Amino acid sequence: TLALALLSALQPGLGLDEPDGAYVRGPRALLVQPGLTQERKRELNSGTSPAELFDLQLDLTLTGLLAEDDAGRAVDLVAWGETMLPADLVHPPLADAVGEGADLSWPAWDRFVAPMLEREQGERRLVEAWIANEVGLLSALRGGRFLEPRGERAQGWLAKPEDRARAAALFAAGHFSAGAIAYTEVDGVVRRVNAVALWGPEGAPLGHGWKRHLVPGAESALGLEEHAWARAWAAKLMPYVPDMRAATEVGRLPAADGSWTAGAAVCFDNGFEDVFLESAADGNDFVLLASNEAWYVESQEFDQMLALSRIWAVESGRSIVRATNSGVSCQVAPDGSIPDLLTVDGKD
């Protein structure tokens, strides 16, 4: 598989009703793409070896950061693809509801939540554990505590303590975004969402957004998930019930210093213009799309997804930044051109 990173200089729009080409330079982004097949990602996420996938992402990130630092180029934003962060995140409304002692309805059929509720002995402790895990993971990730000399690191590229310290400092100094599963509260019901989150320097959480258009049958059973027979049917086909909640609002991922705000989009959202047009109307400077297109193997659907991104960029007058697990990772400028495209050995 390809293990690659791409740097792109984003050009967010100015919020013009009729964009006239007057754009300002935005953050420089390191887009980290491991180039995994869907079968390989499923295997690594199965619980038997998730650390391998995490290490791959982290190693690519640090390789790119060190290379850019050596070249005298600053990286403002590191972007991982869809569901690449091994953590369950908590959306603030859920934390507030639990903190206030609200009577919440938890999805008893969620094969992940039920055993965790039992282990943590209650809803409050589970939410606190999720939050503590996010804080601890981001603190360790940005603080260099995952950089022990092992594997490739032990053989060379991060074998020196000074290189490990420099890589960790570079990572901690900028912004970081990644796709992950999150939980939120809607009308007293706890729901699972396919999210993209942004953290600032030193791991400070800055915002969440999540998928607006769910994949029928895989992420939504179109209301049938409320019936026990449908949940039992789904459980035989996949290790979860397709009962995610779709976003109804525009995602906003604001920079720590207020210099830019990204809209949020996830994978299947790429097929729908409302995500991008409403993001522009809401004042977001560009859209950060975390995607997993490994489902398409190496078919024309890669090109179709990119063609759609180009249309939405032109319609909205905003850049779109595509950070994919597999697929086409690139920047699409507001005029539909592609100033930066990840290409290795002739393949994009």
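Visitor: How many aromatic pairs does a search of the whole structure find?
Guide: Rings of Phe, Tyr and Trp (its six-membered ring) pair if their centres lie within 6.5 Å; planes under 30 degrees apart count as stacked, over 60 as edge-to-face and the rest as tilted. Bear in mind that this is a predicted model. With that rule, the search of the whole structure gives a count of seven.

Visitor: Are the rings of Trp 80 and Phe 176 stacked or edge-to-face?
Guide: Their centres sit 5.0 Å apart. Their planes are at 85 degrees, so this pair is edge-to-face.

Visitor: How many residues apart are Trp 80 and Phe 176?
Guide: Helices (H or I, at least four residues) and strands (E, at least two) are DSSP runs, numbered from the N terminus. Trp 80 belongs to the loop between strand 3 (77-79) and strand 4 (88-90), whereas Phe 176 is in strand 5. The pair therefore links distant parts of the chain, and the separation is 96 residues.

Visitor: Are Trp 80 and Phe 176 buried or exposed?
Guide: Buried means under 20% relative accessible area, exposed over 50%, and partly exposed in between (1.4 Å probe, protein chains only). Both Trp 80 and Phe 176 come out as buried.

Visitor: And what kind of pair do Phe 268 and Phe 272 make?
Guide: Here the centres are 5.3 Å apart and the planes at 75 degrees. Phe 268 is partly exposed at 30% relative accessibility, and Phe 272 is partly exposed at 28%. The angle makes the pair edge-to-face.

Visitor: How do helix 9 and helix 10 lie, roughly parallel or roughly antiparallel?
Guide: Axes are lines fitted to C-alpha atoms, for helices over the stretch in contact (heavy atoms within 4.5 Å), and angles run from 0 to 180 degrees between N-to-C directions. The axes of helix 9 (residues 273-281) and helix 10 (residues 301-316) come within 9 Å and cross at roughly 30 degrees. Angles under 35 degrees count as roughly parallel, over 145 as roughly antiparallel, 65 to 115 as roughly perpendicular and the rest as oblique. So helix 9 and helix 10 are roughly parallel.

Visitor: What relative accessible area does Glu 293 have?
Guide: Glu 293 is in the loop between strand 10 (286-291) and helix 10. Not counting residues up to four places away in sequence, Glu 293 touches several others, including Phe 302, Arg 322 and Val 328. Glu 293 counts as buried, with a relative accessible area of 0%.

Key. Residues are numbered from 1 along each chain as its sequence is written. This is a predicted model: local features need pLDDT of at least 70, side-chain atom pairs count only at pLDDT 80 or more; totals for chains, interfaces and linings use all residues. Side-chain values use heavy atoms; hydrogens and water are left out.
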